[in-house]
Amino acid sequence: MLELGRLDDLPLEYREALTAHNLVPLWPSLRAVLPPGKPGPRTKPTHWSYETLRPLLLRAGELTPIEKAERRVLVLANPGHGLDKMQASSSLYLGMQLLLPGELAPSHRHTPNAVRMIVEGEGAYTTVDGEKCPMSRGDLILTPTGLWHEHGHDGSEPVVWLDVLDLPLAYYLEASYVTEGQPQTVKGLNAERAYQRGGVVPSPVFARSDKRYPMLRYPWQEVRSALLKLAEAQPDIEAVQVAYVNPETGCDCENILGFFALMLRPGETLALPARSPAAVFHQIEGGSQVDIEGTPFTLAEADTCCAPGYSRVTLKNRSADRPAFLFIADESPLHKKLGFYEVRA
């Protein structure tokens, strides 16, 4: 490959003249922004242990009341981006959020899309656009861009969930902001029940829902059952995996990030191809061994890890007699919209 000129090859007075007029020569930095063959990701394979994180999160509950926090979160930051950037990848933000009994995280709405993957506890809820969504372990709850949402807790034990947002992208585009609001009036509950049968959607008097997000809560018990039935119905299927989609359109349930649930059969090892988007793996049940381009991690329940884009990932169920279940978030919808999506054998 042609060796390009360096910045130091240029005379000082020429460089100073460029700087004075806000100009920069491209060729010394061309290989950095357009590396040959594949990107040079800043995202590093990273693992966050819930056993380590949980006491620190509970301590945050003792140190900072919800009134002083608005959202009490410990951010899962990727060291490749710098901890101050609060990024798991170029487009993914992750945070573990704590809500204690009796607390209310006030209503607001913001431009970044968000989802909540419930990690532990009972009795809390999220109200999104007037729909009250109860929180149970493994549930996925959407809070898409621009929708009012608040979190409340009527139970008796701490509730923790994993936040996944496209905040880094919205911030990079200088489009990230929040609007504070008043407490919501609950208009509905358990609307997801109308979409619990695959291939069948509500159609009163031949009409179809025109809501952009008709389903906001995806109960784990339903998703888990679907995975088990898929494994039973198709025992030779390469991967027992389902996608979280808009039941009216079949498209991704949100427009920037994609969400999936994966079941590893007892003792199963699954090699995933290298794909362009970065991906997050969160252990809902069981335990897994994860290898990301030669970097190994052991995931216990509620642990989370991140894989850079274009990485080969191998997953192994550490149990020989029971399945393991993982939640996956990635940037694939964004890559597909931009025409970047790629799978390498």
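1. How many positive and how many negative side chains does the chain have, and how far apart do the centres of the two sets lie? In this predicted model, the chain carries 34 positive and 42 negative side chains. The centres of these two sets are 2 Å apart.

2. Along the principal axes, the C-alpha atoms occupy a box of roughly 70 × 50 × 50 Å.

3. The secondary structure of the chain consists of 7 helices and 23 strands. Among contacts with a separation of 6 or more, 74% are between residues 24 or more positions apart.

4. On burial and surface, 45% of the 345 residues count as buried.

5. One residue is worth a separate entry. Asparagine 78 sits in the loop between strand 2 (73-75) and strand 3 (93-99). Asparagine 78 counts as buried because its relative accessibility is 0%, and the cut-off for buried is under 20%.

6. The side chain of asparagine 78 has a polar contact of 3.2 Å with the side chain of threonine 46. A polar atom of the asparagine 78 side chain also lies 2.8 Å from the backbone nitrogen of glycine 80.

7. With neighbours within four places in sequence set aside, the contacts of asparagine 78 include Arg42, Thr43, Lys44, Thr46 and Trp48. Leu83, Gln87, Ala88 and Cys306 are also in contact with asparagine 78.

Methods: Residues are numbered from 1 along each chain as its sequence is written. This is a predicted model: local features need pLDDT of at least 70, side-chain atom pairs count only at pLDDT 80 or more; totals for chains, interfaces and linings use all residues. Side-chain values use heavy atoms; hydrogens and water are left out. Helices (H or I, at least four residues) and strands (E, at least two) are DSSP runs, numbered from the N terminus. Buried means under 20% relative accessible area, exposed over 50%, partly exposed in between (1.4 Å probe, protein chains only). A polar contact is a pair of N or O atoms within 3.5 Å; within protein, one must be able to donate a hydrogen and the other to accept it, and residues adjacent in sequence count only if both atoms are side-chain atoms. Contact means heavy atoms within 4.5 Å. Lys and Arg count as positive and Asp and Glu as negative; His and the chain ends are not counted. The place of a charge is taken as NZ of Lys, CZ of Arg, CG of Asp or CD of Glu.
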